[in-house]
Amino acid sequence: MSAYRNELEIPEELPLLAVRDVVIFTDMILPLFIGRDISMSAVEAALSGSKQLIVTAQKFLHQDNPEPDDLYKVGTVAQVLRQARLPDGRLKVLVQGLVKARVTRVLTREPYIRVALEVIAEAPAPGESPELEALKRNVREKSQKIMSLRDALSEEAISLLEGLDDPGRLADLVISNLQVKVAEAQRVLETTDPQARLALVNDILSQELKVSLLQAKLDSETREEMDRSQREFYLREQMRAIKKELGDESGRDEETLEYQARIKNAHLPKRVASEVSRQLARLEWMHPDAAEAALIRSYLDWIVELPWSVTTRDKLDLREAKRVLDADHYNLKKVKDRILEYLAVMKLNRRQKGPIICFLGPPGVGKTSLGQSIARAMGRKFVRFSLGGLKDEAEIRGHRRTYIGALPGRIIQGLKTAGSNNPVFMLDEVDKIGSDFRGDPASALLEVLDPEQNANFSDHYLNIPFDLSNVMFITTANFLDSIPQALEDRMEVIYLSGYTAEEKVAIAKKHLLPRLIRDHGLSDRDLTMPDSAISQVIAGYTQEAGLRGLDRKLAAICRKVARKVAEGQDRPHRVTKSQLARFLGPPEVLPEPERREGQSGVATGLAWTESGGEILYIEVRPMLGKGNLTLTGQLGEIMRESAQTALAYIRAHALDLGLARDFFENQDLHVHVPAGAVPKEGPSAGVALMTAVLSALLDRPAPKDVAMTGEITLRGQVMAIGGLKEKALAALRAGIKKIVIPRQNQKDLEDLPPTLKRQVKFILVDNIEELLAVVFPDCPFQPGQGKGAPPRAWRRPRPRPRRRAQA
């Protein structure tokens, strides 16, 4: 092989290939996996030429793109024997070391490093001597011992070691098969004297033998006590043996000390501290890479980061709280009074358990922002958690730690985020909770929202009780019907109705418009809007009980003004009512077509919707038939029953109403409520249906300036309804100033805004007789006096026949 190397022609310039964690020696054959572009270019250049390149090792293993100065100057010229392209784009090349060489000069750096080199001649082998023979024997014996301790000794290895007599080749063979650091292998490579190189390898072997013997000792001590079926036990004992050799038997490593300090600072309750200590003791004897160790670390992190003893101090200044609430929200007197009452009770009795308040109302009326204002007024942290669409019970109670990816429930997560154990915790959309095979989250909330139980709330992940009695829970909902009865029973419901047009104008001027002007980078002089313009935006571009639509429309106006200002039109912009179409386009909300005077068979009803309230025109048309009642307009079951009740009452009192006893035998009635694509349902359309049917049968129009709401019974009683404020606002928007309501709703008039009561006249009725006196004032209801035909006053005058024109 030496003669072969002497006959080789080594070019004076070759491509350079940098390798990370290996040093190639002469006569060494090994595969290299190449992924760097510059290294691939070097291999391709070698293959296109002499198939030779110089391989040098990096000084720093973690450098991805080393410069020539980051490489060792001495390397090995290698012959590329074979190369193959791998599926992942890398190259696999098989190289053989030929001769040592030193890089003298860097010629090019792109697209690969090309260098000038000089071959390092191997010093002649020394003659035989007792010292050299002893050195060779030592190297052979130590190599065999190390291989024996590592269970790698074989007959082939022994014969190969015994067959090599050249000290240089023996040193290269041994060092190339040892797992030594690159720097030590490089020292051996740069040593040209064979005997000195073998002596250096002998020293390295002595150190490696000591490490191997110690490793074998630790392994034997551990193996004696190890259960063959438990690899985890083996790892723990091995770690203990290592710590014993290091003289550290306490087992308190840096991680354990850190956890102990965090546990001490957390001021945990006694029961919690006991459980945490038990888990920390388990972690201490586990291998750091064990799967269960990661779970225990995560568990300990959650425990020590929860606010077990961190409580924010409440601000119980009622005047300051009232000032904050008034500054953030317009009107809402009942809600503010309830919050101030709660603060007053807390000021007198700190042990009083907080109520569970539920804000009920249509979207956009300020339920969520009201919770934020409460937190600000009390000086507490605020946490919000949306329950909409929630179906997994584990979102409330947490997952058990046996599951992969387990986490505590959202209640515990919220407390960790807040950093205190007494925040204002808002549970949004409590009426939109679902349930499926994963459990019923509403049932899990029963424990959370019960002041008698939540002092020992148990999360499945923590498996330790956490006191929620200091938390002020506030829920929000749009509907009460979808909330389970047991959950509703634990909450104090406070209803937030929609805003009147005057209230919306005031809120827009005080809150919405200043905030939007500020958010869009404008100033007060850049944009002004009079009240009339804001009122037109409310009436013509929004149809809602809340303020979200109004906020979006005002934001659209601010964006267009901001664009004009950015384009250089730096002047005050006053948006008036007549200019709204330029900013927002034509009005989007068209009013209901106004009823014509003198139309019989039509009555104006009122309905409550999510957006506040609407008017309903109920139409009735009699026709020849066989006594059938047809109902159209997507009426719900309750409205259908109301229509049937109204017809039954009319048939029972036909003579009293001036109708023939058999008026229904030869005619049909068709009841229709326009906007057939919109489903309609509710227990408040009875009086309007009664009025429309009677108006059609008597061919007498009901007054168009009167709207009505209320349910009827077969005995002629008018029952109470809900949503009076929203219905009154809908009538006012339609220009109707008179509303017939049940007398039982008289108490609700106190809650209406004064401006609404000044503009609308409310007429209270107890029964149908009083209702008919309002809608047909000149035709009194005469029970028991009917003669089988309408009285003269109820009959519409017949038009006189005109004479035919004479030809």
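Visitor: Which helix and which strand have the loop with Asp450 between them?
Guide: Asp450 sits in the loop between helix H17 (441–448) and strand E10 (457–458), where helices (H or I, at least four residues) and strands (E, at least two) are DSSP runs numbered from the N terminus. This is a predicted model, in which local features need pLDDT of at least 70 and side-chain atom pairs count only at pLDDT 80 or more, while totals for chains, interfaces and linings use all residues. Residues are numbered from 1 along each chain as its sequence is written, and side-chain values use heavy atoms, with hydrogens and water left out.

Visitor: Is Asp450 buried or exposed?
Guide: Asp450 is buried, because its relative accessible area is 12%, and buried means under 20%, exposed over 50% and partly exposed in between (1.4 Å probe, protein chains only).

Visitor: And what does the side chain of Asp450 make a polar contact with?
Guide: Its partner is the side chain of Arg490, at 3.4 Å. A polar contact is a pair of N or O atoms within 3.5 Å; within protein, one must be able to donate a hydrogen and the other to accept it, and residues adjacent in sequence count only if both atoms are side-chain atoms.

Visitor: New topic: in what order do the strands of the open sheet come?
Guide: The order of the 5 strands is E8-E9-E12-E7-E13, with parallel pairing, and two strands pair if DSSP finds at least two bridges between them.

Visitor: Which strands stand at the edges?
Guide: Those are strand E8 (382–386) and strand E13 (492–495), each of which has a single partner strand, so one side of each is left without a neighbour in the sheet.

Visitor: Over how many bridges do E9 and E12 pair?
Guide: Strand E9 (residues 424–428) and strand E12 (residues 472–477) pair in the parallel sense over 4 bridges, and Met426 has Ile474 in E12 as its bridge partner.

Visitor: What about helix H2, which residues are buried there?
Guide: In H2 (residues 37–47) the buried residues are Ser39, Met40, Ala42, Val43, Ala45 and Ala46, and what covers them includes strand E1 (13–19), strand E3 (52–57) and strand E5 (91–108).

Visitor: Last one: where is Leu527 found?
Guide: Leu527 belongs to strand E14 (residues 527–528) and is buried, with a relative accessible area of 2%. Leaving aside neighbours within four places in sequence, Leu527 is in contact (heavy atoms within 4.5 Å) with Leu513, Ile517, Ile557, Cys558, Val561, His573 and Val575. The C-alpha atoms of Leu527 and Arg571 are 9.0 Å apart, although 44 residues separate the two along the chain.
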